[in-house]
Amino acid sequence: MVFFICWIAYKNRPLFYEMIRSPWIIFVSGALISTAFMLLSQYGGRTGWYAQIFALIAIFQILNRLNICAPSKIAIPVTVLLGAAIIFHYSELMIWQKRLGSEARIAISLYRQSPDGIIYMDYTNEPELPWYLLRKTHGVPDEDDTYYRYRMSKHYGHNKPLVILPENCRNVDWQKYTGIMQFGERFISDKPLEPSYTDQIVDIFPRIMTRINGQEYIETVFKIHNNKLYLYSPVDRDPGEK
């Protein structure tokens with residue numbers, strides 16, 4: 001957007017002055033102010049999204065005033081392809097959200113019935129989802145979604161921390177559990193792994209992390225049969241997360 005503005009200011013000054021006296025300047029200001037807030041907060045999120053949207057609107061308004069339009073032979077097939085892509089995206093989004101919503105309902109049902117907040121379940125994690133869903137779906141929150149799990153404990157678990165263990169460790173003898181064992185992508189240890197470090201997005205939700213074979217893992221402490229154990233799950237940082 002800044003490149004386009006500099007270009008028309010140099011090449012077409014009358015158009016530049018005409019544009020800054022029009023509502024176009026609102027979108028330019030919105031893009032620049034949103035970018036400033038994004039840089040100050042060091043967080044993309046909504047401010048980055050607003051910066052992008054406002055900048056795109058400003059750019060296409062410039063192109064429209066310059067009468068730079070694609071020929072109909074190109075515009076029509078591009079429009080059809082984009083329309084098909086949008087329909088495909090939202091159709092798949094509905095299918096996957098229904099599936100993930102069913103998993104979330106099962107997890108909540110098991111959680112409500114659990115006396116200690118521990119349930120056994122293999123659920124679909126976000127890295128397993130197709131990229132074209134653009135992470136718009138919501139299902140069972142994973143271990144690093146600390147806020148979502150906190151809200152679930154408040155509303156469904158009477159403040160019992162939610163702990164989801166893999167199905168393939170359902171028959172483990174927890175009373176005699178020692179050492180470290182791997183269950184799929186997760187590890188369960190009878191002692192905290194070192195070195196560890198604190199990672200937090202919000203002050204009230206500190207998270208203990210460690211690295212296993214170069215991969216970042218989050219620590220979840222749980223008690224089962226009076227045995228204190230440590231679950232380590234791969235960290236899946238959401239886009240825009242600090």
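Q: Which classes of residue make up the lining of the largest pocket?
A: The lining has 18 nonpolar, 8 polar and 10 charged residues. Keep in mind that this is a predicted model.

Q: What volume does the largest pocket have?
A: About 1,100 Å³.

Q: And which residues lie nearest its centre?
A: Glu-126, His-138, Asp-145, Tyr-148 and Asp-238. They belong to a lining of 36 residues.

Q: Which helices supply at least two residues of that lining?
A: H4, helix H5 (72-113) and helix H6 (146-155) each do. H6 gives the most, with 6 residues.

Q: What about the second largest pocket, what is its volume?
A: Its volume is about 480 Å³. It is lined by 19 residues. Nearest the centre are Thr-146, Arg-149, Pro-161, Leu-162 and Thr-220.

Q: Which elements give two or more residues there?
A: H6 does, along with strand S6 (207-212) and strand S7 (215-224). H6 gives the most to this lining, with 5 residues.

Q: How do the residues of this second lining divide by class?
A: There are 9 nonpolar, 4 polar and 6 charged residues.

Q: H6 keeps coming up. Which of the residues in H6 are buried?
A: Arg-149, Met-152 and Ser-153. They cover an arc of only 100° around the axis, so they sit on the same side of H6.

Q: Why would residues a few places apart point the same way?
A: An α-helix has 3.6 residues a turn, so residues three or four places apart point the same way.

Q: New topic. How many residues are in the largest nonpolar core?
A: The core has 15 residues. Met-1, Ile-5, Trp-24 and Val-28 have the most contacts inside it.

Q: Which helices each supply at least two residues of this core?
A: Helix H1 (2-11), helix H2 (13-20), helix H3 (24-41) and helix H4 (45-65). The largest share, 5 residues, comes from H4.

Q: What does Val-28 touch, not counting residues up to four places away in sequence?
A: Val-28 touches Met-1, Ile-5 and Ala-58.

Q: What residues does the second, separate core include?
A: Tyr-120, Cys-169, Phe-222 and Leu-231 are among them. That core has 14 residues.

Q: Back to H2. Which of its residues are buried?
A: Leu-15, Phe-16 and Met-19. Seen down the axis of H2, they fall within an arc of 105°, so they line one face of the helix.

Q: And what do the buried residues of H2 pack against?
A: Against H1, H3 and H4.

Q: Now the backbone. Where is the cis peptide bond?
A: A cis bond joins Glu-194 and Pro-195, with omega about 0°. Pro-195 lies in the loop between strand S4 (186-189) and strand S5 (196-199).

Q: What phi does Leu-134 have?
A: Leu-134 has a positive phi of about 55°, although it is not a glycine. Leu-134 is in the loop between strand S1 (118-120) and H6.

Q: Does Leu-134 count as buried or exposed?
A: Exposed, because its relative accessibility is 52% and the cut-off for exposed is over 50%.

Q: And His-225, what is its phi?
A: His-225 has a positive phi of about 55°, and it is not a glycine.

Q: Where is His-225 found?
A: In the loop between S7 and strand S8 (227-234). At 53% relative accessibility, His-225 counts as exposed.

Note on methods
Residues are numbered from 1 along each chain as its sequence is written. This is a predicted model: local features need pLDDT of at least 70, side-chain atom pairs count only at pLDDT 80 or more; totals for chains, interfaces and linings use all residues. Side-chain values use heavy atoms; hydrogens and water are left out. A nonpolar core is a set of buried Ala, Val, Leu, Ile, Met, Phe, Trp, Tyr and Cys residues joined through side-chain atoms within 4.5 Å. Buried means under 20% relative accessible area, exposed over 50%, partly exposed in between (1.4 Å probe, protein chains only). Helices (H or I, at least four residues) and strands (E, at least two) are DSSP runs, numbered from the N terminus. Contact means heavy atoms within 4.5 Å. On a 1 Å grid over the protein atoms alone, a cavity is a set of points where a 1.4 Å probe fits but cannot get out, and a pocket is an open set with protein on both sides within 12 Å along at least five of seven lines; lining residues have an atom within 4 Å of a point. Grid points are joined across faces, edges and corners, and a volume is the space filled by probe spheres set on the points. Ala, Val, Leu, Ile, Met, Phe, Trp, Tyr, Cys and Pro count as nonpolar, Asp, Glu, Lys and Arg as charged, and the others, Gly among them, as polar. The arc is that of the directions from the helix axis to the C-beta atoms.
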